[in-house]
Amino acid sequence: MKKCIYKANTILFNAMCLSGAFLLFSCTNEAEGTLPELDEPLAKYRKASVGPNNAANPYDYAGEIHNELLGSCYAIPKWPTRTFAILKRVDSLAHTSTRFSRITSPFYQLPDIQKLEFILEKGSSSATSTVNTTGLSVPARAALSNFISAVLAFSDTAVEYGVVHDFMVEYEAEVLAAQQFDAADKRVLLTVSSIARHSSYAK
């Protein structure tokens, strides 16, 4: 069950962050391919009084929607085990949310199954190669790679959520102010950071 939910989260993350245009490494990084139960918050992230929101990020709703849909995934008692079947289930579930349509473009397609399998098999080691095959500009790919590395480093340390939140809010401010990123770059970078920020709080 947990492994299926891990796959569902990876699929959901990629579908939301990239709207079917390309595929990205999922920031979920569990050694055994599982997710913690929702009713078992990780103390290292939940000791702060600050919430997960950042009103300055125009894509902040992405993290909220991700967590809502992930909660719906946990509520489903029985999941298929094959990746493509999970992909179809997640896609169907996502499209029951009217808010999900705010994330997707008119050209939305299911994430590529082979790329998903690669991400699921390789985990965090797939980050660099996957980011390098995106449609982001060179500066945006570098920023995204650095952000993923920082998020993974946080996941290995016992820091309070406030520290994680402050880092991500500062990163988002830098993305918003950066002239080297076009609108498409900013959309992806800010969507990814929103989902990472909300997901970290939900742990």
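Q: With what does the side chain of asparagine 54 make a polar contact?

A: A polar contact is a pair of N or O atoms within 3.5 Å; within protein, one must be able to donate a hydrogen and the other to accept it, and residues adjacent in sequence count only if both atoms are side-chain atoms. Here the partner of asparagine 54 is the side chain of glutamate 172, at 2.5 Å. The model is predicted: local features need pLDDT of at least 70, side-chain atom pairs count only at pLDDT 80 or more, and totals for chains, interfaces and linings use all residues. Residues are numbered from 1 along each chain as its sequence is written, and side-chain values use heavy atoms, with hydrogens and water left out.

Q: Where is the place of asparagine 54, and which residues does asparagine 54 touch?

A: Helices (H or I, at least four residues) and strands (E, at least two) are DSSP runs, numbered from the N terminus. Asparagine 54 is found in the loop between α1 and α2. Contact means heavy atoms within 4.5 Å. Setting aside residues up to four places away in sequence, asparagine 54 touches Asp60, Val169, Glu172 and Arg197.

Q: Is asparagine 54 buried or exposed?

A: Buried means under 20% relative accessible area, exposed over 50%, and partly exposed in between (1.4 Å probe, protein chains only). Asparagine 54 has a relative accessible area of 9%, so this residue is buried. Across the protein chain, buried residues make up 49% of the 203 residues.

Q: How many helices and strands are there in the protein chain?

A: The protein chain has eight helices and zero strands. Read from the N terminus, its elements run α-α-α-α-α-α-α-α.

Q: How many salt bridges does a search of the whole structure find?

A: Side chains of opposite charge can pair when their charged atoms come close. A salt bridge is a side-chain nitrogen of Lys or Arg within 4 Å of a carboxyl oxygen of Asp or Glu. The search finds four of them in the whole structure. In one, aspartate 60 pairs with arginine 197, with the closest N and O atoms 2.7 Å apart. This pair links distant parts of the chain, 137 residues apart: aspartate 60 is in the loop between α1 (2–18) and α2 (61–75), and arginine 197 is in helix α8. Aspartate 60 counts as buried because its relative accessibility is 8%; arginine 197 also counts as buried, at 0%.

Q: With which residue does glutamate 68 form a salt bridge?

A: The partner of glutamate 68 is arginine 99, with the closest N and O atoms 2.7 Å apart. Glutamate 68 lies in helix α2 and arginine 99 in the loop between α3 and α4, so that the pair links parts of the chain 31 residues apart. Salt bridges that share partners also join Asp60, Glu172 and Arg197 into one network. Arginine 99 meets a further side chain, that of glutamate 64, in a salt bridge (2.9 Å, N to O). Because glutamate 64 lies in helix α2 and arginine 99 in the loop between α3 (83–94) and α4 (113–122), this pair ties together parts that are 35 residues apart in sequence. Glutamate 64 is partly exposed, with a relative accessible area of 26%, and arginine 99 is partly exposed at 25%.

Q: What is the nearest side chain of opposite charge to lysine 186, and how far away is it?

A: Lys and Arg count as positive and Asp and Glu as negative, while His and the chain ends are not counted. Lysine 186 is buried yet has no salt bridge; the nearest side chain of opposite charge is aspartate 182, 8.6 Å away. Lysine 186 belongs to helix α8 (residues 183–202). A polar atom of its side chain lies 2.9 Å from the backbone oxygen of leucine 176. Not counting residues up to four places away in sequence, lysine 186 touches Tyr59, Val175, Leu176, Ala178, Phe181 and Thr191. Threonine 191 also lies in helix α8 and counts as buried, at 3% relative accessibility.

Q: How many residues has the largest nonpolar core?

A: In soluble globular proteins, nonpolar side chains tend to be buried together. A nonpolar core is a set of buried Ala, Val, Leu, Ile, Met, Phe, Trp, Tyr and Cys residues joined through side-chain atoms within 4.5 Å. The largest here has 24 residues, and those with the most contacts inside it are Leu144, Phe147, Phe181 and Leu189. Helices α5 (127–131), α6 (138–155), α7 (161–177) and α8 each supply at least two residues of this core. The largest share, eight residues, comes from α6. Apart from this core lies another, of eight residues, among them Tyr74, Ile76, Val90 and Leu93.
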